[in-house]
Amino acid sequence: MRRFFRLSTAAACFAAALPLAAQPRPIPTPTAQELELTISKGSARKLALAVPELATPGTSAMRSRVAEPFTATLRSDLEYSGVFAVTDPANDPVGFREPTTTEAADRWRGTGAEMLVDTRATVSGDRVSVEARVWDLPSRKMILGRLYSGGASYVERIAHTLANDLVKHFTGKPGLFLSTIVFVSDRDASKEISKEIYAMDFDGRSPRRLTSDRALTISPDAAAGRIAYTSYVRLFPQIWTMKPDGSDKREIATGLGLNASPSLSADGTQIAFAGSARGSTDIYVVNAGGGGLRRLTETRALEAAPAWSPTGRQILYTSDQSGNPQIHVVDAEGTGARRVTFAGNWNDESAWSPDGSRIAFACRNEGDFNICVMDFATGQTVQLTSEGSNGHPSWSPDGERIVYSSRRGGSTQVYTMDASDGGNKRLLSEAGNNTQPVWIP
């Protein structure tokens with residue numbers, strides 16, 4: 001965990017999983033415009049969906065290779081969205097698929113479903129095509145049709161893509177099922193001080209290693225298709241950037257002895273970081289391509305952990321100028337610095353929500369650290385965790401969830417939870433110690 005006074009503050013995300021020729025294509029739905037149904041995230045009402053197993057031709061081997069992983073992934077994604085409730089597949093009617101007749105529609109409605117997500121696959125060699133049709137059961141009309149294709153080994157990614165499309169169709173907001181979480185881990189450490197940067201899918205699947213410095217490689221942040229991080233590969237901490245798949249690594253020279261906790265601006269053109277010249281640690285900004293070094297703060301306090309706002313106009317950071325670490329904010333030009341947290345005796349590791357209206361941070365009054373969320377305009381604060389020692393929160397791309405690290409039972413692992421109330425907590429990592437997660441689209 002990047003504690004304040006320590007100042008330590010995707011592999012190949014399958015970019016070709018759905019190649020250009022295999023991107024989702026709409027299926028003509030002449031009646032699609034006749035029915036509109038919008039569900040708001042966070043509302044008490046969830047849309048009940050029947051999601052029968054993907055229909056696949058061939059042998060049981062094909063079913064286990066294609067149908068089962070696709071269906072399990074799709075159902076899990078839809079439940080996790082908080083928008084849908086998937087009905088019990090044990091109640092699905094036998095012998096009925098498309099609800100084009102009153103009898104068929106009534107059989108599906110008898111399961112408690114309002115909508116049917118009917119998916120069918122065709123397989124040719126190592127390629128699979130999945131046709132998805134979404135039916136409104138009361139009207140017996142198809143309201144959404146899509147065709148997806150890709151390698152048969154990527155059926156889970158196709159399921160993620162369909163789930164994203166369903167969330168987008170019914171809420172107007174993008175889904176997060178193809179997003180990535182970057183984090184720091186010692187799972188492959190050859191020596192005690194070695195940590196590397198890894199990436200995994202939003203649900204903890206497919207962990208992959210992005211760096212191999214065999215040193216302390218920590219404090220990742222991401223924006224605009226780049227990841228910035230601090231590495232001790234040259235003994236002293238320096239800022240590096242790379243692509244989300246770990247390629248194109250570049251060192252960003254600053255001329256300072258300490259370069260910690262880098263934060264990329266939303267457009268990826270600038271990096272804010274904690275830098276030290278002659279023993280004073282302040283917030284600096286450097287161009288993402290190098291050069292243009294600017295010092296934003298100049299106090300006798302220790303200042304660290306910067307975080308760019310989504311607009312690029314402000315930067316959060318932690319400072320102990322009031323006697324204990326609290327979160328402050330400064331304009332990107334270095335003016336207008338002010339304190340923004342006042343409750344508790346230690347607040348650190350702040351992160352803006354995607355819309356800039358809230359900040360999440362590690363908070364402590366007594367005992368262990370927890371994760372708090374504060375309305376930036378009003379200062380109203382809610383504590384979301386109560387178990388373990390928690391830190392380094394980062395928001396999901398849709399602003400609905402938070403990923404964070406928590407130390408419990410002798411190890412530190414990565415979890416996610418709902419940003420509204422801390423509910424729906426999920427453990428994403430297990431091997432080794434895993435910390436400093438960052439959620440990227």
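**Note on the predicted model**

1. Four strands make up an open sheet, arranged in the order β10-β11-β12-β13, with antiparallel pairing. The model is a predicted one. Strands of a sheet pair through backbone hydrogen bonds, and the pairing can be parallel or antiparallel.

2. The edges of this sheet are β10 (217-223) and β13 (250-252). Each has a single partner strand, so one side of each lacks a neighbour in the sheet. From one strand to the next, the twist averages 30°.

3. Two helices deserve a look next. Packed helices are described by the distance between their axes and the angle between them. For helix α1 (residues 60-80) and helix α3 (residues 155-171), the axes come within 8 Å and cross at roughly 35°. The crossing of α1 past α3 is right-handed.

4. Which residues of α1 and α3 make the contact? From α1 they are Arg65, Val66, Pro69, Phe70, Thr73, Leu74, Asp77 and Leu78. From α3 they are Val155, Glu156, Ile158, Ala159, His160, Leu162, Ala163 and Leu166. By type, the residues of this contact divide into eleven nonpolar, two polar and three charged.

5. Is strand β30 (residues 434-440) enclosed or left open? Seven of its seven residues are buried, so β30 is largely enclosed by the rest of the structure. Here a residue is called buried if its relative accessible area is under 20%.

6. Strand β30 also has a pairing to record: five bridges join it to strand β7 (residues 180-185), and the two strands run antiparallel. Within this pair, Val182 stands opposite Val438 in β30. As a reminder for reading such a pair, side chains in a regular strand alternate between the two faces of the sheet.

7. How many disulfides does a search of the whole structure find? The search finds one. The disulfide joins Cys363 to Cys372, with an S to S distance of 2.1 Å. Both Cys363 and Cys372 are buried.

8. Why is the disulfide of Cys363 and Cys372 called right-handed? The torsion about its S-S bond is about 75°, and the disulfide is therefore right-handed.

Note on methods. Residues numbered from 1 in each chain as written. Predicted model: local features only at pLDDT ≥ 70, side-chain atom pairs only at ≥ 80, totals over all residues. Heavy atoms only, no water. Pairing = 2+ DSSP bridges. Axes fitted to C-alpha atoms, helices over the stretch in contact; angles between N-to-C directions. Left-handed = near helix turned anticlockwise from the far one by under 90°. Contact = heavy atoms within 4.5 Å. Nonpolar A, V, L, I, M, F, W, Y, C, P; charged D, E, K, R; others polar. Buried < 20%, exposed > 50% of the residue type's maximum accessible area, 1.4 Å probe, protein only. Disulfide = S-S within 2.5 Å.
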